[in-house]
Amino acid sequence: MDTTVTLMPTTTTSGSAAVWHTGTVRSWTAGAAGLVITSHVSATPDTVEALDGQRVWVSTDAGDSGSVTPHAVFQAVAQAHRDDELALTGVMLLASETRRGAVRAPASVPAHLTMAEGVADVRTIDYSRTGMRIEGAMDMPAHTDVDVSLELGDGFEVHARGEVLRVDEESGEAVVRFVELEEGAAQALERSVLSELAKQSRG
């Protein structure tokens, strides 16, 4: 099965919304240490023209167990290879974290949690497609299941089933792992993470 890739310029005009493009991975080569990535991606001529010569965020969907393309998030330089194909070369500066399994964005967004013990309105400290760290969770029990509603901005919400992994009673911080996401939520989370990182890189 073909692997879908999402591309976004690392810099955008101040105040403008992030412009996303998608394509399909045609080839994927990793260096000996797995850090230097070269990939060819098929895309529409409009996407090729828009991204030619640009530095972009690259995010691949998780492939199946037999896929040669792993889930990855990194920066790359895009060059037009043909009018319908981009060549991407980059270094895995934002390789998936061992502990989290996904790149995270330090950002404070509202989250509504529903559990057997009650409900809680908290804010994130950071989040990724696999989970979030929150503040304001002093009374939340660890190792409990929660329904999560996360507001990503522009009125867009994602919903997930999660598990509270641990709670720091002194700081009131907790870590929630997402165990089940609504359709499209993982991609929406990752796009939000990259948008936050791009915004912060612009200062």
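Two strands pair if DSSP finds at least two bridges between them. I kept that cut-off in mind while going through this predicted model.

**Entry 1: β1.** I started with strand β1, residues 4-9. Is β1 mostly covered or mostly open? I found 5 of its 6 residues buried, so I noted β1 as mostly covered, with buried meaning under 20% relative accessible area.

**Entry 2: β1 and β2.** Next I looked up strand β2, residues 21-30. In which sense do β1 and β2 pair? They pair in the antiparallel sense, over 4 bridges. I then checked T6 and found T22 in β2 as its bridge partner.

**Entry 3: β1 and β4.** I turned to strand β4, residues 55-60. How many bridges join β1 to β4? I noted 5, and the two strands run antiparallel. I followed two positions across this pairing. V5 stands opposite T60 in β4. L7 stands opposite V58 in β4.

**Entry 4: β4 cover.** I asked how many of the 6 residues of β4 are buried. I found 5, and I noted β4 as mostly covered.

**Entry 5: β4 and β5.** Last, I looked at strand β5, residues 73-82. It is joined to β4 by 5 bridges, and the two run antiparallel. Which residue of β5 stands opposite V56? I found A76 there.

**Recap.** I have β4 joined to β1 by 5 bridges, and β4 joined to β5 by 5 bridges. β1 also pairs with β2.

Conventions: Residues numbered from 1 in each chain as written. Predicted model: local features only at pLDDT ≥ 70, side-chain atom pairs only at ≥ 80, totals over all residues. Heavy atoms only, no water. Buried < 20%, exposed > 50% of the residue type's maximum accessible area, 1.4 Å probe, protein only.
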